[in-house]
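Biologist: I would like to go through the pockets of this model, with the reason behind each term.

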Amino acid sequence: MIDDRDRKLLALLQEDAELPVNDMAERVALSVSACWRRIRRLTSDGYIMRRVAILDRRKMQVPTTVYVLIRTSDHSTSWLENFRSAVADIPEIVEAQRLTGNIDYLLKVVLPDVEHWDIIYKRLVARVNFFDVSSYISMEEVKSTGQIPTHYV
């Protein structure tokens, strides 16, 4: 079980994982050592999976986002394994979701420009057979925090 202080720590870490422990301790009214023990416990209990750096996509030259809707007529285990492998091998595909409804998969692809989508598309379809592939170019990122709510646990 986690409590309100744990939830606050998790929220603080999602905002800035490099926040000094003494600052976090002060914000959640704990000693530094108690705060550090809680963070270690939250990590060992699996609430904190890993800490990562969020890079500036413009500086990394991948400002364009394309969302790809995929439908397949093959729902076999071997098709799915092949699809997972292909998606894992293409670093521009930063997210892949299996969906309910009439669309089977949703991909989030980050690219230098729209024209680069064709290169990624050809790499993907060379490895996996699809029934239908539709792509949608994001015009503007309205919200992207990467943070999840902490009040449900």
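Modeller: The largest pocket holds about 1800 Å³ of space. Val-52, Ile-54, Thr-145, Gly-146 and Gln-147 are the closest to its centre among the 46 residues that line the pocket. The model is predicted, so local features need pLDDT of at least 70 and side-chain atom pairs pLDDT 80 or more, while totals for chains, interfaces and linings use all residues. Residues are numbered from 1 along each chain as its sequence is written, and side-chain values use heavy atoms, without hydrogens and water.

Biologist: What makes a set of points a pocket, and what makes a residue part of the lining?

Modeller: On a 1 Å grid over the protein atoms alone, a pocket is an open set with protein on both sides within 12 Å along at least five of seven lines, and lining residues have an atom within 4 Å of a point. The volume is the space filled by probe spheres set on the points, which are joined across faces, edges and corners.

Biologist: Which element gives the most to the lining of the largest pocket?

Modeller: Helix H1 (4–15), with four residues. Helices are DSSP runs (H or I, at least four residues), as are strands (E, at least two), numbered from the N terminus.

Biologist: How many residues of each class are in that lining of the largest pocket?

Modeller: 22 nonpolar, 10 polar and 14 charged. Ala, Val, Leu, Ile, Met, Phe, Trp, Tyr, Cys and Pro count as nonpolar, Asp, Glu, Lys and Arg as charged, and the others as polar.

Biologist: What lines the second largest pocket?

Modeller: Its lining includes Leu-80, Phe-83 and Tyr-105, and H4 supplies the largest share, five residues.

Conventions. 1 Å grid on protein atoms, 1.4 Å probe; cavity = no way out; pocket = protein on both sides within 12 Å on 5 of 7 lines; lining within 4 Å.
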